[in-house]
Protein chains: 2
Amino acid sequence: MSIRTPLCDLFGIEHPVLLAPMAGVSGGALAAVVSRAGGLGLIGGGYGDADWLEREFDAAGDARIGVGFITWSLARQSHLLDLVLDRAPAALMLSFGDFKPFLPKIRDGQAKFIVQVQTLDQAREAVDAGVDAIVAQGTEAGGHGGTRATLPFVPAVVDIAKEIPVIAAGGIADGRGLAAALALGASGVLCGTAFFSSNESLANDNAKQAAVSGSGHDTERSSIFDIARGLDWPTGWNLRAMRNAFTRRWSADMDGLMQNLSEEQARFEAASAAGDTDVAAVIVGEAADLIRAIEPAQDTLHGMISQAEDRLWRIGRLADPIEED
Amino acid sequence: MSIRTPLCDLFGIEHPVLLAPMAGVSGGALAAVVSRAGGLGLIGGGYGDADWLEREFDAAGDARIGVGFITWSLARQSHLLDLVLDRAPAALMLSFGDFKPFLPKIRDGQAKFIVQVQTLDQAREAVDAGVDAIVAQGTEAGGHGGTRATLPFVPAVVDIAKEIPVIAAGGIADGRGLAAALALGASGVLCGTAFFSSNESLANDNAKQAAVSGSGHDTERSSIFDIARGLDWPTGWNLRAMRNAFTRRWSADMDGLMQNLSEEQARFEAASAAGDTDVAAVIVGEAADLIRAIEPAQDTLHGMISQAEDRLWRIGRLADPIEED
């Protein structure tokens, strides 16, 4: 069982599948199991917390993993970059913001540098900076993202990236999505929702169950949860998560949410701690339709590879010459 | 050169590519050239105009073509269904609304019946009705559409449709998109933007040029142009088109547009007649990044097939066993 692309050589991995660095969800255990199963696990450094990072790198043991950060947040505590580079990650991924101030330090280390983009201008900037790989992320992704959809966005980024490997993200949770990404010219995929409900994920058990039971139709992009978490996200990105009582209450009344902010932030925090998914955010994408069980991440990854191989073999035959003469 | 899928057998065509029935753009000449090149051209019946339909069916000559309608609008002048069924189209496609009242008449005819869906519930309804094929349309499509993105939506529809062929639509304008759609489990694709700027398209020349020069980033979904055209679209769908001075003027002031409606509708109508794309709607989708020339539709179609064959062959090899033992 194997699908080899240039991305496999770049990262020294068996399967061209990366675990998305979901903040607070992609911990060391999940990253380690994805890497040991032949992919590349990225710890979700998110907004940056030194204790959490130390703990999760420890939890990954001797597995060869990487880490991802939210760029604009890392800029506020850039010492965390030293902390993770000391751990010699296989890859460092930055998303959402200006990565250029971090370039000199990253180039001093051994980690492959991945930049995630949501626009073609961002892709051009990443190419000009000579990054090792570009994640082209579609709006159907869970968590923060932009407006462009994966299927038409990926080939447009591939045309810009030329020799730099492009990793497709957003909406990919099974072997069909992986095969489609390769068809689009991507060299691999980055998956969050596919692993959100893994046994090894740090997501709350109720959130895992909600994701497995839910549909892509139950998700939407908004800024409500960012406001509820007191996060001052820059414009250009918002958060895809599942609709719930909290979003229905405030989606048409953002002013009301702002006026009741401290109370609602406390309610949100308590609900998150208690795993109350009527209020807390279940941060998955449209691929929720394609995940159906809480299972070991290794099973998810190997199922994806096996299904992708089957799809590649079948569609590869569609183009075989019917007769040779 | 050939990619054969069950869709080819269903429609009796050589290539699994359908021309989207773009209202007022997919006329008889364009539909005919797509069909003669081995795909299936669908005339864009749109909101329904008897004279236009007669003229465009005439323009298609003896080419084997189909036709598509906006369902809720057809319901207001259902006699048009008789008009087109008398023309013995190869296929009839309905989108946006309740198709069930038309079922008995359609089943009396010989046309294959295609229903376009934007939600999984609509897909289930189409399956229950026993339609011949389902178009699963993603939000990146130009023109009217819903919220779900093509890449994760198509496999979810395929899982529901089972033996009924699924046609992917939205964001597909080259061979990479076609190959990706097949990887997702679709049996073919329906393309609008790819053919919008064809020589044979009825789009205004300025609009064709704007589409070719534009990017997917220049498009957005809104209801502004529907209001400007005096169309009372039901909720659940809106229109993706290119942003221009008109949308920038009114996007944050829909109330203002309503208050100046007759004046703005007149201005819009005049601009549409004059091909003034600062005001008139250029109705293309995110795949605008992938179209780069005003060219014969036959070249577009054959280029798409040729590129898809190349992609299928390449990615098919990725799954080949490296060694047999």
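In the predicted model, α16(A) passes α16(B) in a left-handed crossing, a crossing being left-handed if the near helix is turned anticlockwise from the far one by less than a right angle, and right-handed if clockwise. The axes of these two helices, each spanning residues 297-318 of its chain, come within 8 Å and cross at roughly 145°; axes are lines fitted to C-alpha atoms, for helices over the stretch in contact, with angles running from 0 to 180 degrees between N-to-C directions, and helices are DSSP runs (H or I, at least four residues) numbered from the N terminus. The contact (heavy atoms within 4.5 Å) is made by A:L312, A:I315, A:G316 and A:L318 on α16(A) and by B:L312, B:I315, B:G316 and B:L318 on α16(B). By class, six of these residues are nonpolar, two are polar and none is charged, where Ala, Val, Leu, Ile, Met, Phe, Trp, Tyr, Cys and Pro count as nonpolar, Asp, Glu, Lys and Arg as charged, and the others, Gly among them, as polar.

Within chain B, α2(B) (residues 28-36) passes α16(B) in a right-handed crossing, with the two axes coming within 9 Å and crossing at roughly 35°. Here B:L30, B:V33 and B:V34 of α2(B) meet B:A297, B:Q298 and B:L301 of α16(B), a set of five nonpolar residues, one polar and no charged.

Between the chains, 47 residues of chain B are in contact with 46 residues of chain A. About 3600 Å² is buried between them, 63% of it on carbon and sulfur atoms, buried area being the accessible area (1.4 Å probe) that two parts lose on being put together, summed over both. Eight salt bridges are counted between the chains, each a side-chain nitrogen of Lys or Arg within 4 Å of a carboxyl oxygen of Asp or Glu; one of them joins B:R292 to A:D159, with the closest N and O atoms 3.2 Å apart.

Residues are numbered from 1 along each chain as its sequence is written, and chains are lettered from A and ligands numbered from 1 in the order in which they are written. For this predicted model, local features need pLDDT of at least 70 and side-chain atom pairs count only at pLDDT 80 or more, whereas totals for chains, interfaces and linings use all residues, and side-chain values use heavy atoms, with hydrogens and water left out.
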